Amino acid sequence: MNTPLLTKLETLGYYKLPPRHENCLGHTGLLILMRREPPTGDVAFNPETIHLRLLDWDGKAHWTTFKATTPFPMSRVVCPGLITIHSSKGEEAKFFVFGGSLEAHDEAPGEKVYSLRSSAPVLELTSQKTTAADQMASEVEAVWGRLQASWGMGEEAFWHHLTKVHPYRLFVATLQNLLDQYEHKSELHYSSLQQALLHSLKQEKAWLQANDQWPQPMPVLADL
């Protein structure tokens, strides 16, 4: 990792990789710095643990918690859903993903950088003011909940199956599903957050289409 980025990480604790375009709802990935010893200077956020669901060696989706001392020999498959970073002061930073990969590399002595990458936007969730990204994560969880019920799958089988879907395909299929839902309701009944999300979803689809990244034929979420 280049020195300026590592220096920034040592101050910030985690770093959101740039979005694919100006109006994108999420980021292309996330870097998280974990220290084996407490920092000597002031830091904005000092990550202590990362909690997320991974596809494990046995082919099952498991909730997993990583620390700076956790052995990490190779890349791991990240399941769709919530990622929570806990700081040494009890703070939380939350993100929502459609899947991806997680790697870890030792950088400076006593420091390990976890790198999350995804072909789908990584949504940053907030604890104070709810955003369009928060609204999307909430609505996606509801859509996936109905999908699980329609498939008649238990938790373990469902998350295993969903993780096997390429993150980008899962993202665009879910995006289109949300757009279809909005088309069946009058805009008069939308909250301000729903209006903001609908606008963002339309912008995302338009950008993907303009850049020849909208799949044809379009994957249907229920058929994945």
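The structure is a predicted model, and every value below was computed from it. Helix H2 covers residues 132-151 and its axis comes within 11 Å of that of helix H3, residues 155-164. The axis of H2 also comes within 9 Å of the axis of H5, and within 11 Å of the axis of H4.

**Helix H2 against helix H3**

- The axes of H2 and H3 cross at roughly 115 degrees, which makes H2 roughly perpendicular to H3, and the crossing is right-handed.
- On the H2 side this contact is made by Trp-144, Leu-147, Gln-148 and Trp-151, while H3 contributes Glu-155, Phe-158, Trp-159, His-161 and Leu-162.
- By residue class, the contact of H2 with H3 divides into six nonpolar residues, two polar residues and one charged residue.
- Gln-148, which lies in H2, counts as buried because its relative accessibility is 15%, and the cut-off for buried is under 20%.
- When residues up to four places away in sequence are not counted, Gln-148 touches Met-153, Gly-154, Glu-155 and Phe-158.

**The buried face of helix H3**

- The buried residues in H3 are Phe-158, Trp-159, Leu-162 and Thr-163.
- Viewed down the axis of H3, these buried residues fall within an arc of 125 degrees, so they line one face of the helix.
- The cover over the buried residues of H3 includes strand S3 (47-55), strand S4 (61-66) and strand S5 (76-78), together with H2 and helix H4 (167-183).

**Helix H2 against helix H5**

- Helix H5 spans residues 192-210, and its axis crosses that of H2 at roughly 90 degrees, which makes H2 roughly perpendicular to H5.
- Here H2 makes the contact through Ala-132, Gln-135, Met-136 and Glu-139, whereas H5 uses Leu-193, Gln-194, Ala-196, Leu-197, Ser-200 and Leu-201.
- The residues in the contact of H2 with H5 divide into six nonpolar, three polar and one charged.

**Helix H2 against helix H4**

- The axes of H2 and H4 cross at roughly 95 degrees, which makes H2 roughly perpendicular to H4.
- From H2, the residues Met-136, Glu-139, Val-140, Val-143, Trp-144 and Arg-146 meet Leu-170, Phe-171, Thr-174, Asn-177, Leu-178, Gln-181 and Tyr-182 in H4.
- In the contact of H2 with H4, eight residues are nonpolar, three are polar and two are charged.

- Leu-116 has its place in strand S9, residues 111-125, and is buried, with a relative accessible area of 3%.
- Leaving aside neighbours within four places in sequence, Leu-116 is in contact with Leu-17, Thr-28, Gly-29, Leu-30, Val-78, Ile-83, Val-97, Ser-101, Leu-102 and Val-122.
- Val-77 lies in strand S5 and, at 38% relative accessibility, counts as partly exposed.
- Apart from neighbours within four places in sequence, Val-77 is in contact with Leu-54, Leu-55, Gly-100 and Thr-163, and Thr-163 is among the buried residues of H3.
- Between Val-77 and Glu-103 the separation is 26 residues in sequence and 9.2 Å in space, C-alpha to C-alpha.

**Backbone features after helix H5**

- Most residues other than glycine have a negative phi, and most peptide bonds are trans.
- Asp-212, found in the segment after H5, has a positive phi of about 55 degrees although it is not a glycine.
- Asp-212 is also exposed, with a relative accessible area of 73%.
- The peptide bond from Gln-216 to Pro-217 is cis, with omega near 0 degrees, and Pro-217 is likewise found in the segment after H5.

Notes
Residues numbered from 1 in each chain as written. Predicted model: local features only at pLDDT ≥ 70, side-chain atom pairs only at ≥ 80, totals over all residues. Heavy atoms only, no water. Axes fitted to C-alpha atoms, helices over the stretch in contact; angles between N-to-C directions. Helix = DSSP H or I, 4+ residues; strand = E, 2+ residues; numbered from the N terminus. Parallel < 35°, antiparallel > 145°, perpendicular 65-115°, else oblique. Left-handed = near helix turned anticlockwise from the far one by under 90°. Contact = heavy atoms within 4.5 Å. Nonpolar A, V, L, I, M, F, W, Y, C, P; charged D, E, K, R; others polar. Buried < 20%, exposed > 50% of the residue type's maximum accessible area, 1.4 Å probe, protein only. Arc of directions from axis to C-beta.
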